Amino acid sequence: MIYADHAATTGIHPGVLEAMMPYLTETYGNPGSLHAAGARAAQAVLYARETVANLLGCSARTVYFTSGGSESNNQALHTAAAWGGRQGRRHIVSAAFEHPSVLRTLEHLHGFQVTLLRPDAEGVLTAEKVRAALRPDTCLVSVMSVNNETGVIQPVEEIVALCRAAGVLFHTDAVQAAGQLPIAVERTGIDLLSLSAHKFHGPKGVGALICRRDLIPEPLIRGGGQERGCRAGTENVPGIVGLAAALEEACGKIIGSPVPALRRRLEDGLERIPGIHRVGAGVPRAPGITCVCLENIEREAMLVLLDQMGVCASAGSACSSGALTHSHVLQSMGVPEKLARGALRLSLGADNTEAEVDAIVQAVTRVAARLRCGKEER
Amino acid sequence: MKKVMVAMSGGVDSSVAAFLLRQQGYDCIGVTMKLYDNTMQGQPKGHPCCTLDDVEDARSVAYRLGIPHYVFDFSEEFEKQVIHRFAEVYEHGGTPNPCIDCNRFLKFGSLLRRARELGCDAVATGHYARIAEAVDGRFALYKAVDARRDQSYVLYAMTQEQLAHTLLPLGALHKDEVRRIAAEQGFVNARKHDSQDICFVPDGDYINFLERYTGKKYPPGVILDTQGRVLGQHRGAIAYTIGQRRGLGLSMAEPVYVCGKCMKDNTVTVGPQEALLAHALTAEDWNWIICPPEKPFYAKARVRYHQAEQPAQVTLLPEGVHLAFEIPQRAAAPGQAVVLYQGDCVLGGGTIRSVQQHGIAE
C-alpha cells in the first residue's frame, strides 16, 4: 500500500506513541483528582500545554485542548461571535473555501451576517479582498492558513495587519499548517487558531484552540470546569501528551524535510500525463499537497482504481454518506465543473520514498489512460 | 475469479444477494448509489442525510462479508433520468414509473458502466427475477420462483447487453428464506421493512414534492363524475393517477376510480369500474427481450405491477405494440408500463401511450 493521503490523516510516529504509553497504562489518574495519581496526570497535561505554547509562540494560558480541529473551529467562531455580539457587531468575513466545520458553524450563528469571499483562480484569498469586505460592524475575519484541498498558503500576516488596524478579531484554521510551516501566534497577532493532532503524526481525537489571553472561549461543553472552565470533560491525557510530542517532533523536522523534493518529483512525473492541470502551481503551497485535475475523468472511478492498485489518495471531501461531494474549494476558485470532476489530491509525507512517488505517477498514468480509453470505445 | 459489483441499497435483499455471490466464489465489490441530495426533500443542507441509515446498513453488511464498499454519487443522472421524468409525466397527466427508470438508467445504466470501468464482469442486485442464457446465446428474463415477490415487471427494459452482464442471485429463493439467511448471518437489516414508497419521496406526499421541484403550485380543484357533476375536491390534480381508488375523500354508494384528469382545467374525473375498462392499448418505447414473431400472436400481459397476467393479442406496430384484451382491463394508465409474458418468460415491455375504451380510440 502506498499512502498518499497525509492531508486526510497521518500515522502516529513511534516517538509519539512512546510518549503516550505511560498515560495509557500506569499513569491513568484523572488530572482533576487531588491525589498523587491525579497530580502525575495533571503534570503531563501542564507540560504538554507549555510545550505547545512554546512551539506556537504563545502563552500556555492561551492553549485549550479540544477533541480536534472541528471542535476548535466551532469554539473559535462561537467565541468571536459572542464577543462581537456583545458590542452589537454582527458581521463576519470568511472564505468560500473554508473547511466544512467552519462553514457549517458560520451558517449556524443566529443573527449574524456572513460574507464569504472567493479566492483568485490560483486559490489565494488576497488581503485586498478582505479589506474591501470589512464593515464597521465586522467583528471577525476567519481565513484558513493552508487550504486542505489545494495546499495553497494564505496571506495570513497581511490579513492580520488589516484586522489589527480595524479592531476586528482574526481566526485561522491552521489544521493543515501546524507542524508543516512555522507558526508564531503572538508575533503575528493571531487572536484564535485551530489545530488537530492527527494531521502531524499525533493521535486522532485531540486538537487545540489557541485563544488570545484577554478573550475567554465560549464553552461548547459545560460541566466540571476543565480547561479553565472553557471545555468540560476529563482531559484526554494520552491524547494531549501525544499532541504535544507530535507537534514537537514535527516542528523540529520542518527544516530539512524530504517532502518538498518528493513533491517536485511527483509533480514532474504527473505533468507528463496528457490532459492534466495542476492547481495552485504558481503560488506558495504547504510542502506535501498536490492538487491536479484530469480532463475527461470521473474522480470516483479514478480513486477506486487507484485504491485497487494500492494507492491511497483523495479528491474533495466526503459527505456524511461517504460519497464524494462536489469540491466547494475548486468551485470557489472558478475551476469549471467538468474539470473539477477529475480532481485528484495527493498528499505526501516524510515516510514516502522516491520509489513510491514513481509508483504513484505510474499508477495515475495507467488509470487515466484506462478510463479514457474505455470512454473512447463506447 | 469473476468480479461483480453488487448494488447494495441497505435492504435485506441486496445484502443477501451479496452474501450468496460471495459464497459462490465471486470477487464482490459492494456499492451504494447516492441518488439524491437531502435538499431535494426540503431539508436544509447539512441536515443528516435521510438515507444515511441505509448506507450504514449496507456498509455494515459489506464489512461483515469482508468485501469493499463504496458510495457513488449518481445524483445528477438520477435527477435527469428519474426525478425530472417523474415530474414531467405527472404534469402531462400520465403515471410515471420511477423505479423502472431507475433500473434502466441507473442500476443497469450508470452503475453497470462504472462496474465495467472498474474491471467488473457484471452487476448484481437483490431483484426477485431470473436471468438465463438460451442455447442460441441470447439472454432471457424469467419471473422469480417466489411469485408474490416477483419483480420481473420492473426489469422489462433490460437489453441483451445488460442481461448478459447482470446477476440476480435471489431469483430462485423465497423471501422468508432470504430473511432467514440474513438472520443467520447476523445482518443488521435482517428484519428491516421493505421500502414501500418512492425513495425520493419518503413521506409519500407527491404534491408537496412536485411543488417544491417544479416551483409551481398545484392548487385544489374539483372532482367530477363522468357527467360533469361536482362530487368533491381534490388536493392538486397532479398527483392523481388513473385507476386510483383510495385517498379521494368521497363517500359514494359504489366504489369510484379516477378515470381521467385535466391539468388545464384542474379537474379530476371519477367513475365506476366500467368507465375504466380498456379493451385495447398501444404501447411505445418498447423493448423486446425475446425476438417476436412477425404475425400477431397471443401472450399474457401485466399492466400493473402486482397483477395476474391477462391474455391479449399482440400486434406489432412500427413504433411499438398494440394489445387487444380478451377481458377488458381496469386502470391501464398512459405512462404506465405494460409487460408481456409467456409462462414465466418475459417477452418484452413498454410504456402505455394510449388506451382504447368501448372500441373507441382515445
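Predicted model: local features only at pLDDT ≥ 70, side-chain atom pairs only at ≥ 80, totals over all residues.
User: What makes A:Arg341 and B:Glu76 a salt bridge?

Analyst: The cut-off is 4 Å between a side-chain nitrogen of Lys or Arg and a carboxyl oxygen of Asp or Glu. The closest N and O atoms of A:Arg341 and B:Glu76 are 3.3 Å apart. The pair therefore meets the rule. Across the interface, the rule finds two salt bridges. Polar contact links five residue pairs there, both residues at pLDDT 80 or more.

User: Which element gives the largest share of the side of chain B that touches chain A?

Analyst: β3(B) does, with four residues. By class, that side has eight nonpolar, two polar and nine charged residues.

User: Why are α3(B) and α4(B) called roughly antiparallel?

Analyst: Angles over 145 degrees count as roughly antiparallel. Helix α3 (residues 75-91) and helix α4 (residues 98-117) of chain B pack at about 170°. The two are therefore roughly antiparallel to each other. Their axes are 9 Å apart.

User: Which residues of α3(B) meet α4(B)?

Analyst: B:Glu77, B:Phe78, B:Gln81, B:Val82, B:Arg85 and B:Phe86 do. Their partners in α4(B) include B:Phe105, B:Leu106 and B:Arg113. The residues of this contact divide into seven nonpolar, two polar and four charged.

Conventions. Residues numbered from 1 in each chain as written. Chains lettered and ligands numbered in written order. Heavy atoms only, no water. Axes fitted to C-alpha atoms, helices over the stretch in contact; angles between N-to-C directions. Parallel < 35°, antiparallel > 145°, perpendicular 65-115°, else oblique. Contact = heavy atoms within 4.5 Å. Nonpolar A, V, L, I, M, F, W, Y, C, P; charged D, E, K, R; others polar. Polar contact = N/O pair within 3.5 Å; in protein donor to acceptor, adjacent residues only side chain to side chain.
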